[in-house]
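Below are some notes on the model, for your comments. They go from the chain as a whole to a single residue.

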Amino acid sequence: MKAKGDIRAIDELGRIVVPKTFRRILGIEAGDMLEMNLNDDGEIVITKATPSCVFCGGTVELRELEKKHICSKCVKKLSE
Ligand SMILES: [Zn+2]
């Protein structure tokens, strides 16, 4: 999948709008977290962030609390 050619202006606060067609194709909704990286070619790469545990960075068996994710292993450690 290669969608390109959409040119957007950046506003005075550095914000841009992700095109609606891109959001629809990638299943990005309001409130989703996006990760931005600058690659060696000087390009900004934006990807949908994968939720991870705030303590260990794990991505399996996550629970959400106050908009933060915690894995089941860390929940168990916290309860001990
Ligand atoms: Zn964890």
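**Notes on the model**

1. Burial. Of the 80 residues of the protein chain, 4% count as buried (20 or more other C-beta atoms within 10 Å of the residue's own; exposed means 12 or fewer, partly exposed in between; C-beta atoms are placed from the backbone).

2. Basis. This is a predicted model, in which local features need pLDDT of at least 70 and side-chain atom pairs count only at pLDDT 80 or more, while totals for chains, interfaces and linings use all residues. Residues are numbered from 1 along each chain as its sequence is written.

3. Elements. The protein chain has two helices and four strands, in the order α-β-β-β-β-α from the N terminus. Both kinds of element are DSSP runs numbered from the N terminus: helices are H or I with at least four residues, strands E with at least two.

4. Overall form. The radius of gyration, over C-alpha atoms, is 17 Å against 12 Å from the globule rule (2.2 Å times the number of residues to the power 0.38), so the protein chain is more spread out than a compact globule. Along the principal axes, its C-alpha atoms fill a box of roughly 55 × 30 × 30 Å.

5. Contacts. With contact defined as C-beta atoms, placed from the backbone, within 7 Å, residues 24 or more positions apart account for 0% of the protein chain's contacts with a separation of 6 or more.

6. S52. This residue sits in the loop between strand 2 (44–48) and strand 3 (62–65). S52 is partly exposed because it has 15 C-beta neighbours inside 10 Å. Leaving out residues up to four places away in sequence, S52 touches G57, G58, T59 and H69. The C-alpha atoms of S52 and R24, 28 residues apart along the chain, are separated by 23 Å.

Methods:
Two residues are in contact if their C-beta atoms, placed from the backbone, lie within 7 Å.
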